Amino acid sequence: MQLHWPETIGAALDLLAEADEARAISGGATLVAMMNAGLVAPQTLVFLRRIPALAGIERRAGGALVVGATTTHEAVETSTLFDPGQAIVRLAAATIAHPPIRAVGTIGGSVAHADPSSDYPAALVAADAEIVCLGRGGERRVPARDFFVDFFETALLPGEIVRAVVLPPAPAGACAIYDKLARVEGDYATVSVAVVMAMEGEVCRHARLAAGACGPVPVRSDEAEALLVGATIDDAVADRAAAAMGEAADPVDDVRGSAGYRRRAMVRMMKRAILAARDGSRQ
Amino acid sequence: MTDSSITYRLRVNGETEDVTAPAGETLIGVLRERLQLTGAKLGCAQGVCGTCTVLLDGRPTRGCLTLAADCTDREITTIEGLGVDGGLSAVQSAFVAAGAIQCGFCTAGMILTITALLKRNPRPSEAEVRHGISGNLCRCSGYTKIVEAALLAAGSAA
């Protein structure tokens with residue numbers, strides 16, 4: 001195995017394109033675990049941690065947030081730069097695994113891995129995030145809702161890496177709610193829900209709903225969001241929106257839960273999250 | 001297919017160690033197999049159990065998820081490096097005093113994690129201790145005496 005520590009993105013991309021069976025390694029929390037389990041055996045590892053252009057969280061004029069790919073979950077969790085709607089990503093990061101994992105695992109690695117039971121995908125969809133994909137051909141931005149394509153499959157093209165995640169500024173008054181059901185603290189989600197909502201008085205002006213671990217990609221529903229935007233949110237409206245999300249879900253049976261359990265749990269959690277986001281936004 | 005060996009230097013417990021190992025060897029592998037520092041244990045190899053926890057630049061880190069060759073620019077602390085003048089550190093002594101050791105498999109990882117926690121937060125609440133050790137599994141003790149030991153070491157015994 002060959003190990004490389006490039007200090008520029010260009011050098012990293014050249015290595016990934018030209019070296020034998022090369023894989024990028026960011027924090028390594030997932031890749032080394034997969035190597036330990038015999039699931040992958042790269043011939044070349046390209047460490048990204050020494051590339052300044054991939055690091056750090058930057059707030060742009062206008063309120064957009066650019067989170068570099070090698071930013072650790074711990075750095076996301078403890079950042080003060082997220083606005084109240086963008087905070088959905090920070091809330092999700094705080095639930096990933098355990099403190100030593102969060103100190104090492106990175107948003108770029110996690111997003112590129114696209115584990116449907118992980119915490120970022122649903123949160124990024126609810127935040128209307130864009131994933132910046134970078135290859136030798138250049139840079140392109142893919143909306144989160146289009147980035148996660150299938151189980152462990154993303155829109156990254158061969159030779160591309162995740163460069164950053166970009167969060168637009170959230171609407172005024174937005175409130176973010178992330179709720180995760182897991183067997184024990186630190187486990188992957190059995191079900192997770194992510195809600196970003198903004199109220200204007202009694203009327204909802206903005207709603208983004210996403211559910212994790214309920215299908216190969218984050219579950220979304222235009223119908224559910226349309227039921228909320230422009231409406232006064234009461235119990236019945238929240239019920240209908242949650243039910244629409246339940247219809248859109250495509251969960252599997254696995255060791256963490258049956259499909260039926262996941263769907264029922266998600267609908268309940270989604271309703272609670274909608275009402276909590278309503279209350280949080282009205283303050 | 002064998003992984004070819006490379007040679008590099010690691011800083012472990014204040015000493016510089018020359019290591020020759022396969023490029024892909026993990027830190028836990030190098031510590032245990034090459035440097036005979038067997039205090040850290042290999043449990044799950046997936047980063048879940050915490051028995052491989054060592055300190056990297058003072059931060060609790062999974063030895064099983066870290067490639068040793070990636071640590072050449074960092075300070076590694078293992079349980080063997082905690083003693084002061086041949087004696088036990090405050091956290092080690094507290095573990096003995098509180099009876100917090102049963103089979104010992106989780107102990108090194110627990111003590112290092114708590115040592116780092118107390119450096120960051122010298123007077124943690126019980127909840128903060130429990131959160132701090134949430135990444136370290138113990139199958140023997142039910143955690144009670146481990147938490148007591150942490151609070152004892154912090155000087156605010158439960």
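Accessible areas here come from the Shrake-Rupley method with a 1.4 Å probe, and for residues only the protein chains shown count as cover. Chain A exposes about 11,400 Å², and here carbon and sulfur atoms supply 50%.

The model is a predicted one, where local features need pLDDT of at least 70, side-chain atom pairs count only at pLDDT 80 or more, and totals for chains, interfaces and linings use all residues. Residues are numbered from 1 along each chain as its sequence is written, chains are lettered from A and ligands numbered from 1 in the order in which they are written, and side-chain values use heavy atoms, with hydrogens and water left out.

Starting with chain B, its secondary structure amounts to five helices and five strands, where helices (H or I, at least four residues) and strands (E, at least two) are DSSP runs numbered from the N terminus. Read from the N terminus, the order is β-β-α-β-β-β-α-α-α-α. Chain B has a radius of gyration of 16 Å, close to the 15 Å from the globule rule for 158 residues, so it is as compact as a globular protein of that length; the radius is taken over C-alpha atoms, and the rule is 2.2 Å times the number of residues to the power 0.38.

Chain A has 11 helices and 13 strands. Its radius of gyration is 19 Å, which agrees with the value near 19 Å that a compact globule of 283 residues would have. The C-alpha atoms of chain A fill a box of roughly 60 × 45 × 30 Å along the principal axes. Buried residues make up 55% of the 283 in chain A. Among its contacts (heavy atoms within 4.5 Å) with a separation of 6 or more, 62% link residues 24 or more positions apart.

Then there is the place where the two chains meet. Here 23 residues of chain A touch 27 residues of chain B. Together the chains bury about 2,000 Å², 55% of it on carbon and sulfur atoms; buried area is the accessible area (1.4 Å probe) that two parts lose on being put together, summed over both. On the chain A side, A:M1, A:R49 and A:P100 lose the most area to chain B, together 26% of what that side buries.

Conventions: Buried < 20%, exposed > 50% of the residue type's maximum accessible area, 1.4 Å probe, protein only.
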